[in-house]
Amino acid sequence: MESPEPTRIMVAVNESSLKGYPHPSISSRSAFIWTIEKIVQTNVTGFKLLFLHAQVPDEDCFDDMDSIYASPQDFNDMNEKDKIRGIHLLEYFVGRCHEIGISCEAWVKKGDPKEVICSEVKRIQPDLLVVGSRGLGPFQRVFVGTVSEFCVKHAECPVITIKRKVDDVPQDPVDD
């Protein structure tokens with residue numbers, strides 16, 4: 001008898017707003033740990049984790065460079081640098097999966113995270129989407145907007161949102 005296909009869980013991840021790349025955000029780490037502890041548990045062969053990092057393009061794509069003097073090669077170099085930073089973030093999650101023996105895939109897509117996540121859910125068709133949530137109050141949500149709420153409403157699969165633990169919330173809850 002053939003073993004059944006593993007349950008495919010997409011986990012949307014992002015970098016820390018406090019530490020930057022390659023550090024995962026508190027919410028991403030919480031979502032990953034929760035998925036391992038509560039869903040996968042010891043059944044590592046029954047699941048495959050799909051890590052998506054939706055990378056937000058910078059407004060002008062330049063950190064310390066004046067965009068007036070940019071050449072096409074400068075743009076290529078920056079795109080490559082962003083891609084490498086995104087890959088380093090994903091290495092955190094892929095490394096943990098290899099340590100515990102769970103199958104995984106990981107990739108980076110650029111764009112508005114909520115749009116990218118829902119688009120990738122439609123394309124990949126995972127069994128479940130897990131996203132971290134900062135657990136912001138209504139006032140903060142108005143200004144920040146939440147990717148998790150958007151995904152719950154628009155993703156074409158079941159969605160679980162994982163809030164940060166109270167101990168993990170930084171001084172400014174908007175930070176992650």
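I117 is buried, at 4% relative accessibility. Buried means under 20% relative accessible area, exposed means over 50%, and partly exposed falls in between (1.4 Å probe, protein chains only). I117 belongs to helix α3. Helices (H or I, at least four residues) and strands (E, at least two) are DSSP runs, numbered from the N terminus. In sequence, I117 and H53 are 64 residues apart. In space, their C-alpha atoms are 8.5 Å apart.

## About the model

This is a predicted model, in which local features need pLDDT of at least 70 and side-chain atom pairs count only at pLDDT 80 or more, while totals for chains, interfaces and linings use all residues. Residues are numbered from 1 along each chain as its sequence is written, and side-chain values use heavy atoms, with hydrogens and water left out.

## Backbone features

Y21 and P22 are joined by a cis peptide bond, with omega about 0°. P22 sits in strand β3, which covers residues 20-24.

Two glutamines have positive phi. Q41 is not a glycine, yet its phi is positive, near 50°. The residue lies in the loop between α1 (26-40) and β4 (47-55). Q41 counts as exposed, because its relative accessibility is 52%. Q125 is not a glycine either, and its phi is about 55°. Its place is the loop between α3 (113-124) and β6 (128-133). With a relative accessible area of 59%, Q125 is exposed.

## Salt bridges

The structure has four salt bridges. The term covers a side-chain nitrogen of Lys or Arg within 4 Å of a carboxyl oxygen of Asp or Glu. E105 is partly exposed, at 38% relative accessibility.

R123 and E120 form another salt bridge, with the closest N and O atoms 2.7 Å apart. Both residues lie in helix α3, three residues apart, which is about one turn of the helix. E120 is buried, at 4% relative accessibility.

## K114 and its two partners

K114 forms a salt bridge with D112, at 3.6 Å from N to O. K114 is partly exposed, at 28% relative accessibility. D112 is also partly exposed, with a relative accessible area of 36%.

## Aromatic contacts

A pair of aromatic rings is described by the distance of the centres and the angle of the planes. Rings of Phe, Tyr and Trp (its six-membered ring) pair if their centres lie within 6.5 Å; planes under 30 degrees apart count as stacked, over 60 as edge-to-face and the rest as tilted. The count comes to four aromatic pairs. One of them, Y92 with F93, is edge-to-face, at 4.9 Å centre to centre and 85° between the planes.

F93 is buried, with a relative accessible area of 0%. Y92 and F93 belong to one aromatic cluster with F32 and F51.

## The second largest pocket

The second largest pocket holds about 170 Å³ of space. On a 1 Å grid over the protein atoms alone, a pocket is an open set of points where a 1.4 Å probe fits, with protein on both sides within 12 Å along at least five of seven lines; lining residues have an atom within 4 Å of a point. Grid points are joined across faces, edges and corners, and the volume is the space filled by probe spheres set on the points.

Which elements give two or more residues to the lining of this pocket? They are α1 and β7 (159-163). α1 gives the most, with seven residues. The lining includes I26, R29, W34, I162 and D168. By class, it has four nonpolar, one polar and six charged residues. Here Ala, Val, Leu, Ile, Met, Phe, Trp, Tyr, Cys and Pro count as nonpolar, Asp, Glu, Lys and Arg as charged, and the others, Gly among them, as polar.
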